[in-house]
Amino acid sequence: MGRRLHFDCFSGVSGDMVLGALVDAGLPLARLRAELKRLKLTGYRLEQREVHRGALHATKVTVVIRRGFARPLTLSRIQKILAASTLPPVVKEQSRAVFDHLAEAEGLAHRVAKRDVHFHEVGVIDSFIDVVGGVLGCHLLGVTTVTASDRKSTRLNSSHVSESRMPSS
């Protein structure tokens, strides 16, 4: 039986926050860096720092770009990058599934076919590493189930704690 990971997204979520949460949950950043090299991509590095927002303390892992992709990525190009990698098959499969869902949503929003979507956000290397790094990090921690709160519902059920907005129990 695998581990379960729950993201309480009362104030939203970003790739930097997901990677930082995985580090806070016990994933060594050095291991994440080493395993991401299996993507065979260059032009970025991961930086870790502690952040404080009111009463909350967390780790933020930022993808710092030295050189990105020349143009936004298509779903086909993303699939080729993943296929050419030496990542574990389950990480490739789950990463492809995330990008498939994103392509469907982008296609609906822009009224284009899924295959014609050009990822302007995930087309840059930082967002690509955020997505694959999140999937890879869960795999490395033995996480088999991921859930997340609904930001809208947690925002409606919150209280003030030490000048910070926190979800109610």
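**Briefing: helices and selected residues**

Helix α5 covers residues 125–140, 16 residues in total, and spans 21 Å from first C-alpha to last, close to the 22 Å expected at 1.5 Å a residue. That expected span is 1.5 Å times one less than the number of residues. Helices here are DSSP runs of H or I, at least four residues, numbered from the N terminus. This is a predicted model: local features need pLDDT of at least 70, side-chain atom pairs count only at pLDDT 80 or more, and totals for chains, interfaces and linings use all residues. Residues are numbered from 1 along each chain as its sequence is written, and side-chain values use heavy atoms, with hydrogens and water left out.

**Helix α5**
- α5 is mostly covered, with 14 of its 16 residues buried (under 20% relative accessible area, 1.4 Å probe, protein chains only).
- Gly142 follows α5 and has a positive phi, near 80 degrees.

**Helices α3 and α4**
- The axes of α3 (residues 75–84) and α4 come within 10 Å and cross at roughly 170 degrees.
- α3 is therefore roughly antiparallel to α4 (angles over 145 degrees, on a scale from 0 to 180 between N-to-C directions of lines fitted to C-alpha atoms, over the stretch in contact).
- Residues of α3 that meet α4 include Leu75, Ile78 and Leu82; on the α4 side they include Lys92, Ser95 and Phe99.

**Lys92**
- Lys92 sits in α4, residues 89–110.
- Beyond its neighbours within four places in sequence, Lys92 is in contact with Leu82, Ala83, Ser85 and Leu87 (heavy atoms within 4.5 Å).

**Gly26**
- Gly26 lies in the loop between α1 (15–24) and α2 (29–36).
- Gly26 and Leu140 are 114 residues apart in sequence and 9.9 Å apart in space, C-alpha to C-alpha.

Methods. Helices (H or I, at least four residues) and strands (E, at least two) are DSSP runs, numbered from the N terminus. Buried means under 20% relative accessible area, exposed over 50%, partly exposed in between (1.4 Å probe, protein chains only). Angles under 35 degrees count as roughly parallel, over 145 as roughly antiparallel, 65 to 115 as roughly perpendicular and the rest as oblique.
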